[in-house]
Amino acid sequence: MTAPTDTFIDNFVGGAQRTQEAVTSALTDAVRTWTDAFSGIAGGQPTLPDAQIVVDRWFEVAQTVLDTQKAFAKTVVGAGTQAAEVVTEQATKAAETVRTQTENVVGQATKAADAVGEQAASTARAARNATAKKS
């Protein structure tokens, strides 16, 4: 695995763990509030929880879950962006390497072609000179 992949997986697992912890904590707090509200029943003093408190706690739990999911989503997107940047950088380096190697091969082929051309011209001159001496 590459480093960006490891980072992405680590961020993903960390985000999932933080989400689970936040949801567990929020639900525990909500249950504790509801339990406290109903605890008077066991003591002989029947009380019902205040509807406003129940609504507030429920939305606090929901908000905690949403906030954690938002943070997790940002972590995943950030890791994906980082991975894309690394891949782009690696692709750019690879393209530069291919371009450089291509230029080297073309340069060597040009030199070889020039040398062959010079050899052919030399041979042609020698043949022309030999033909001219015979005449």
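## A salt bridge between Glu 60 and Arg 57

In this predicted model, Glu 60 forms a salt bridge with Arg 57, and the closest N and O atoms of the pair are 2.5 Å apart; a salt bridge here is a side-chain nitrogen of Lys or Arg within 4 Å of a carboxyl oxygen of Asp or Glu. Both Glu 60 and Arg 57 belong to helix α2 (residues 51-134), where they sit three residues apart, about one turn of the helix. Helices (H or I, at least four residues) and strands (E, at least two) are DSSP runs, numbered from the N terminus. Glu 60 is partly exposed, with a relative accessible area of 39%, given that buried means under 20% relative accessible area, exposed means over 50%, and partly exposed lies in between (1.4 Å probe, protein chains only).

Residues are numbered from 1 along each chain as its sequence is written. Since the model is predicted, local features need pLDDT of at least 70 and side-chain atom pairs count only at pLDDT 80 or more, while totals for chains, interfaces and linings use all residues; side-chain values use heavy atoms, with hydrogens and water left out.

Arg 99 and Glu 96 both lie in helix α2, three residues apart, about one turn of the helix, and Glu 103 and Arg 99 are separated by about one helical turn because they are four residues apart in helix α2.

The expected span of a helix is 1.5 Å times one less than its number of residues. At 1.5 Å a residue, the 84 residues of α2 should span 124 Å, and the end C-alpha atoms of α2 are 122 Å apart, which agrees.

The buried residues of α2 are Val 61, Val 65, Thr 68, Phe 72 and Ala 79. Of these, Thr 68 can be followed in some detail, as it counts as buried at 13% relative accessibility and its side chain reaches the backbone oxygen of Thr 64 at 2.8 Å. When residues up to four places away in sequence are not counted, Thr 68 touches Arg 18, Thr 19 and Ala 22, where contact means heavy atoms within 4.5 Å.

Leu 27 lies in helix α1 and counts as partly exposed at 39% relative accessibility. Leu 27 and Val 65 are 38 residues apart in sequence and 9.7 Å apart in space, C-alpha to C-alpha.

Val 13 lies in helix α1 (residues 3-42) and is partly exposed, with a relative accessible area of 40%. Together with Ile 9 and Phe 12, Val 13 makes a nonpolar surface patch of about 230 Å². Patches are made of residues with over 30% relative accessible area and no salt bridge, with like charges joined within 9 Å and nonpolar side chains (Val, Leu, Ile, Met, Phe, Trp, Tyr) within 5 Å.

## The chain as a whole

The chain has two helices and zero strands, and buried residues make up 10% of its 135 residues. Among the contacts in the chain with a separation of 6 or more, residues 24 or more positions apart account for 68%. The chain exposes about 10,100 Å², and carbon and sulfur atoms supply 62% of this area; accessible areas come from the Shrake-Rupley method with a 1.4 Å probe, and for residues only the protein chains shown count as cover.

How values were computed. A polar contact is a pair of N or O atoms within 3.5 Å; within protein, one must be able to donate a hydrogen and the other to accept it, and residues adjacent in sequence count only if both atoms are side-chain atoms.
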